[in-house]
Amino acid sequence: MVSMAKAMLMLRAKKSLFFVLLGAASLSATLAAAPAPSKWLSTVTVTDKGAHVLGNPAAPNKAVEYLSYTCGHCADFELKEAPAFKAQSVATGKASLEVRNMVLNSIDLTAAMLARCGGKGKFFGNQRHLFATQSIWLGKTKNINAETQAKLKSADYTGFMIGAFDALGLGPIMQQRGITPAQAKVCLADKAALKAVIDMTEAGAALGVRGTPSFMVNGVLQDHIHSAAELKAVLK
């Protein structure tokens with residue numbers, strides 16, 4: 001015969017097991033309900049023009065951003081608005097986001113070349129980092145000496161960009177992205193990348209792009225897009 005004390009212990013053990021199993025089931029359900037990270041936010045392709053596209057290549061909506069790395073409004077959009085657009089529209093596969101250069105000046109050209117450094121998988125991270133540190137490196141333009149400026153006047157763009165890279169303190173900034181100064185300078189000397197950036201800028205101007213950031217959605221240049229909500233509103 002089981003004593004009253006043993007019966008109580010057995011009942012408590014059963015209750016404990018029940019709650020352990022209940023907790024495990026609850027955790028399992030929570031994990032099952034948690035959304036998996038979207039593959040589209042890590043899917044990057046490069047167009048035949050050298051532009052980088054984030055998201056579903058077959059997305060029903062094609063958003064194109066023309067930007068400049070020395071543009072304060074572009075930095076604001078990248079840091080404050082782009083994350084919401086990516087989460088709401090790119091992650092779902094509803095839209096892709098293509099970045100095209102609209103180079104405004106020689107410093108911008110230098111940053112545009114650095115954004116491309118390290119391959120397509122690093123592009124969007126490089127871009128965000130350059131915008132996040134924009135106030136740091138852009139505030140050092142006075143450090144660019146006459147010798148470096150002379151290279152620009154003689155159309156030695158690579159020489160100018162390498163000189164500007166050092167003067168603006170971009171070495172440590174790119175090292176935070178895992179790119180050494182030596183690797184960065186190889187990227188700055190990439191003639192094919194230089195041509196792609198300049199060609200994109202000229203093509204954008206021919207399409208009527210007059211400021212940055214500017215957006216084109218499904219082949220139509222848009223007016224007055226300043227937020228993720230406004231960009232999302234013109235999707236089909």
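The legends below describe close-up views of a predicted model.

**View 1. The six-stranded sheet.**
The strands form an open sheet in the order E1-E2-E4-E3-E5-E6, and their pairing is mixed. Strand E1 (44-46) and strand E6 (220-221) are at the edges; each has a single partner strand, so one side of each has no neighbour in the sheet.

**View 2. Strands E3 and E4 with helix H10.**
Seven bridges join strand E3 (residues 61-67) to strand E4 (residues 95-101), and the two pair in the parallel sense. Leu-67 is opposite Asn-101 of E4. Helix H10 (residues 191-207) lies across E3, E4 and E6 and runs at about 105° to E4.

**View 3. Surroundings of Trp-40.**
Trp-40 sits in the loop that links helix H1 (4-33) and E1. Apart from neighbours within four places in sequence, Trp-40 has contacts with Leu-54, Gly-55, Asn-56 and Pro-57, and also with Val-90, Ala-91, Thr-92 and Gly-93. Ser-96 is 56 residues from Trp-40 along the chain, and their C-alpha atoms are 8.5 Å apart.

**View 4. The two sides of helix H9.**
In helix H9 (residues 181-188), the buried residues are Ala-184, Cys-187 and Leu-188. These residues lie on the same side of H9 because they cover an arc of only 100° around the axis. In an α-helix there are 3.6 residues a turn, so residues three or four places apart point the same way. Ala-182 and Val-186, on the other side of H9, are exposed. Helix H3 (106-115) and helix H7 (157-167) are among the elements that cover the buried residues of H9.

Technical notes
Residues numbered from 1 in each chain as written. Predicted model: local features only at pLDDT ≥ 70, side-chain atom pairs only at ≥ 80, totals over all residues. Heavy atoms only, no water. Pairing = 2+ DSSP bridges. Helix = DSSP H or I, 4+ residues; strand = E, 2+ residues; numbered from the N terminus. Contact = heavy atoms within 4.5 Å. Axes fitted to C-alpha atoms, helices over the stretch in contact; angles between N-to-C directions. Buried < 20%, exposed > 50% of the residue type's maximum accessible area, 1.4 Å probe, protein only. Arc of directions from axis to C-beta.
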